[in-house]
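Good morning, and thank you for coming.

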Amino acid sequence: MQGNATLDEVDHLLVTALQHAPRADWRRIGAVLGVDASTAARRWARLTAAGLAWQTCVPLAVEGVTPVVAFVEVDCVAGRLHEVAAELVEDPHVFNVEHVTGGRDLLLTVVLRDQAELARYVGFRLGRIAGIAATRTQIATALHTEGSRWRLERLDDRQRGLLARERPRERGRAVTEDDRELLRLLGEDCRTPVAELAARTGLSPTTVRRRLARMDAAGALLYRCEVARFASGWPVAVYLWGTAPPGDVSRIAALLAGLRETRMCASLSGSDNVVFTVWLRSVDRAQAFETALVRRFPQLTVTDRAVTLWPMKLAGHVLDPQGRHLRSVPFWAWDDAASQAELGALLGRLRTGPARDGAPGR
């Protein structure tokens, strides 16, 4: 498909249906679209082959881990931006990599196991990349909404009813290390059939079904159905940073999260205590949106804004400049041996310290 390709009405319904029910069988999806199952499957194959839509899955709850989500602004040496970005998209715990306007070149969304690992990643991993001139990091103290909840929303109540399903009643458990290969395959395409998942993991189909049911019951998996932004009808993404009185942040963030345009909203640890991303119909609507926002939320002061020029990586998937899907990067914890070695050397220096008055360090 050409770069100016758009989704027709049935395509919009198809994507919306899969946003509501990512692993629903094609018969149910076809009933929502008013077509047979084979037609629904064929349309989806066409969209995915063109990179216009795709599905993924990431862990929301990992056993023994309370993850830290952070936003890292990266300034690049002149002429090195794309070289830096090409390296960073391969990092498995980097959720998003975006080339943006304004006071930073790249904006990263990273998910790490704890603050110590975040410090190690910024200090050792990013600090080693020659094309990076500077970084600034903010921790998300609360994530109020994220992209998996955003919908094209073309379904009526009847169609949504066809996709509704009961939640599992059994007690679930979070993602474990044993689920790693299964999760990797779901990250490539969360619609991968159970039989194929079993064949590729070496597990039995019964075991795969049981593990999926267990993780679903725990709410441990986050499914996403994405669409190339230029073909969605919402081609412009804008980041907005703001400040609000501490006592009002949660209330305002909850309201921001409910706006039609909002894709992500988080409370932050810094002087800008809220950040959110909106998708807009056109770039000339950005100022009108911000004006209406300030009128509705007078306690909120917008302090900075940035337009995404190229979403290079979105939810673990690498995209082309038009935002079309190219490939996935398996999402899991970061384990960088070189950084571990550098950390060990640093801790050794911190333990011994400088010698004083001829005495050994202690």
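Please keep in mind that this is a predicted model.

Let us begin with two helices. Helix α1, residues 9–20, and helix α3, residues 37–49, have axes that come within 11 Å and cross at roughly 95°. That makes α1 roughly perpendicular to α3. On the α1 side, the contact involves V10, D11, L14, V15 and L18, which meet A40, R43, W44, R46 and L47 of α3. Seven of these contact residues are nonpolar, three are charged and none is polar.

Next, the cysteines. How many disulfides does the structure hold? There are zero. For C190, the nearest cysteine sulfur belongs to C57, 6.3 Å away; a disulfide would require the two sulfur atoms to be within 2.5 Å. C190 is buried, its relative accessible area being 0%. C225 is likewise in no disulfide, and the nearest cysteine sulfur, that of C190, lies 7.6 Å away. C225 is buried too, at 6%.

Finally, the salt bridges, of which a search of the whole structure finds 30. In one of them, E73 pairs with R104, with the closest N and O atoms 3.3 Å apart. E73 lies in strand β2 and R104 in the loop between β3 and β4, so the pair links distant parts of the chain, 31 residues apart. Are these two residues buried or exposed? E73 counts as buried at 13% relative accessibility, and R104 counts as buried at 4%. Both belong to a network of salt bridges that also includes D75, R136 and D304.

Technical notes
Residues numbered from 1 in each chain as written. Predicted model: local features only at pLDDT ≥ 70, side-chain atom pairs only at ≥ 80, totals over all residues. Heavy atoms only, no water. Axes fitted to C-alpha atoms, helices over the stretch in contact; angles between N-to-C directions. Helix = DSSP H or I, 4+ residues; strand = E, 2+ residues; numbered from the N terminus. Parallel < 35°, antiparallel > 145°, perpendicular 65-115°, else oblique. Contact = heavy atoms within 4.5 Å. Nonpolar A, V, L, I, M, F, W, Y, C, P; charged D, E, K, R; others polar. Buried < 20%, exposed > 50% of the residue type's maximum accessible area, 1.4 Å probe, protein only. Salt bridge = Lys/Arg side-chain N within 4 Å of Asp/Glu carboxyl O.
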